[in-house]
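Welcome! Let's get to know this protein through a few questions and answers.

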Amino acid sequence: MKRFVLPLLLVGASSAIAQDSETGRWKVGSARVPITPERPVVLLGYGERTRPFDSVAQEIYAKALALEDGAGHRAVIVTADLVGFQAAVVTDLVSARIAKETSLGRSQLLFNASHSHTAPLVSLDPWLDANVVAHAPLSSDDRKETIAYTRALQDKLVALVRNAVAALQPAHLSWGRGEVPFPMSRRLPRDGRITMADNPARSVDRSVPVLCARTPDGERLALLFGTACHNATLTGADNLVSGDFAGFAQSYLEERFPGAQAMFMSGCGADANPSPRGSMALAQRHGASLGREVARIVEEPLTTVDGILSTKYEMVELPLQSLSKADIQGRAKLPSAEAVMARHMLRVLATGQTLPRNYSAPVALWQFGEAFSLVALPGEPVAEYVHLIEAALPKRPLWIAGYNNDCFGYLPTAQVVSEGGHENIGVTLWIWGQNLRRNVGFFAPSVERAIVRSVVRLAGR
Ligand SMILES: [Zn+2]
C-alpha cells in the first residue's frame with residue numbers, strides 16, 4: 001500500500017488555510033445493500049432459537065462509507081446489522097476479492113458489526129456445530145440456507161465497497177461526541193462469582209462518537225456513530241429479524257436527515273447491556289434515545305477533520321492459557337459460562353488434537369489527520385479497554401471501537417480473566433457456527449498487554 005507523507009495542518013487558527021490546501025479536501029461516498037434474509041435461515045445470538053426466524057420486524061442492511069483524503073489515500077468502513085464479522089468466513093475472503101477489484105489493501109478496509117442478536121447466523125461450515133449454535137442440531141436444509149445466505153452476503157459486500165468508492169464526491173468531514181444513558185454493566189458479583197445482571201456500580205463506556213460528512217453546500221451525506229453496548233434489547237424469545245436499538249437509531253436518523261446515510265459502529269460493549277431490556281418497545285426507545293443524541297451532536301458545532309488519513313493494520317498473537325487436562329476438567333464442572341468452553345476444549349482433546357497457545361487477531365488504527373484516532377479492536381472488547389487505551393495514549397482524541405474485522409468471541413482484560421464470568425469464555429468461534437475446533441481456549445491475562453501494546457505501536461508508527 002502506498003503511503004503519502006505530507007505535513008499535517010493544525011485545526012483552529014490554520015483551518016482556513018487547511019480548507020484551501022490539498023490536505024483539507026475530502027471525498028466521501030456512501031452505499032447500502034439490504035441483507036434481510038429472503039429465505040428461512042436461523043439467527044445467531046441466543047441458543048434457544050432452534051428454527052428459522054418467524055418474521056421480519058425491521059429491514060437489516062450493510063452500509064459502506066468510502067473516504068479519500070486530499071492526497072488521494074482511500075479507505076472504506078463497512079458496517080452491518082449482523083452479530084459479527086469473522087475473518088475466516090467473511091472479512092478475509094471479501095477483502096481479498098476487493099483488493100483484486102479496487103486496489104484497496106487490507107488496512108484500507110474496516111468491517112464493524114452492530115452485534116444485533118436478531119440477525120442471521122453467518123457461516124460456511126457445512127457441519128455448523130449445531131449443538132452450540134442452538135440447542136438442537138440444524139437440519140440439513142437449514143445448513144444449506146445458512147451457507148447460501150453467507151455466500152450471497154460476501155458478494156453483496158464486494159459490490160457494496162465498489163459502489164461506495166464509485167460514489168466518492170467532495171465533502172467536508174467533522175466529528176464530535178455525546179453520551180447515552182442506557183448502556184449498563186452486566187457483570188454483577190454475587191455469591192463469590194460474576195453473574196450477568198445490571199451493575200450500576202461498575203463503569204461502562206457511554207460515549208457516542210460521531211463522524212459527519214457534508215457536501216460543500218452543507219447537506220449531510222453520512223453520519224457514522226458509535227455506542228459501546230450489546231445490541232441485544234431483544235431476547236431469545238424474539239425469533240425475528242431486526243437491527244435492534246442500533247437499527248432503530250439508524251432509521252431514526254435517516255428519517256430526520258433525508259439523504260444522509262446513518263451507520264452504526266459498535267464500541268467496547270462486551271460487558272454492557274441496554275437497560276432496561278426485553279421488548280421491541282424498549283429496543284425502539286433506546287434507538288430513539290441514541291438517534292436523538294446523534295442528531296443533537298451534529299446540529300451543534302463540530303470539530304473539522306483536516307489532514308491525512310492513514311490506515312494501519314496488524315495481526316497480533318493473543319495469548320491463551322496453558323491448562324492441563326485436569327484443570328480443564330475442573331473448569332468443566334464450574335457453575336458458570338466457562339464450563340461450556342471447558343467442555344468444548346475436552347471435546348477437542350478427545351479427537352487427538354492439541355490446544356492452541358495463541359489466537360491471531362487483527363488490530364487496526366486509522367488516523368484522521370490530527371482530529372482523532374479510530375482504534376479498531378477485534379472481538380468483543382470489554383469496556384475497561386477504553387480506560388486502558390486512553391491511559392496509554394494520553395491527550396490524544398480517540399474513537400475506540402470493538403467488533404471489527406474478526407469477531408472470535410469476547411476480548412477480556414486481565415481483571416475480567418481473574419474474575420471469570422461470561423466475558424471470560426475465550427475463543428468461541430464454535431458458538432458462531434464454525435467448526436474450527438483448533439480455535440478454542442481461555443485468554444491469558446497478558447491478552448490485555450498484547451492488545452494495548454499493539455494499539456500504542458500502531459499509534460506511534
Ligand atoms: Zn456479545
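Q: How many residues does the largest nonpolar core have?
A: This is a predicted model, in which local features need pLDDT of at least 70, side-chain atom pairs count only at pLDDT 80 or more, and totals for chains, interfaces and linings use all residues. Residues are numbered from 1 along each chain as its sequence is written. A nonpolar core is a set of buried Ala, Val, Leu, Ile, Met, Phe, Trp, Tyr and Cys residues joined through C-beta atoms within 7 Å. Leu 65, Val 76, Val 78 and Leu 223 have the most contacts inside the largest one, and its residues number 134.

Q: From which domains does this core draw at least three residues each?
A: Domain bounds come from an automatic or database domain assignment. The core draws at least three residues from each of domain 1 (15-313 + 362-406) and domain 2 (321-350).

Q: How far apart are the C-alpha centres of the two domains, domain 1 and domain 2?
A: The protein is divided into domain 1 and domain 2. Their C-alpha centres are separated by 32 Å.

Q: How are helices α5 and α6 oriented to each other?
A: Helices (H or I, at least four residues) and strands (E, at least two) are DSSP runs, numbered from the N terminus. Helix α5 (residues 244-256) and helix α6 (residues 280-299) pack at about 45 degrees, with axes 7 Å apart; axes are lines fitted to C-alpha atoms, for helices over the stretch in contact, and angles run from 0 to 180 degrees between N-to-C directions. Angles under 35 degrees count as roughly parallel, over 145 as roughly antiparallel, 65 to 115 as roughly perpendicular and the rest as oblique. The two helices, α5 and α6, are therefore oblique.

Q: Is Asp 244 buried or exposed?
A: Asp 244 belongs to helix α5 and has a positive phi of about 55 degrees although it is not a glycine. A residue is buried if 20 or more other C-beta atoms lie within 10 Å of its own, exposed if 12 or fewer, and partly exposed in between, with C-beta atoms placed from the backbone. Asp 244 has 33 other C-beta atoms within 10 Å, so the residue is buried.

Q: Is Gln 353 buried or exposed?
A: Gln 353 sits in the loop between α8 (338-350) and β19 (358-368). Because Gln 353 has 12 C-beta neighbours inside 10 Å, this residue counts as exposed.

Q: Which residue does a cis peptide bond join to Ser 275?
A: The omega of this bond is about 0 degrees.
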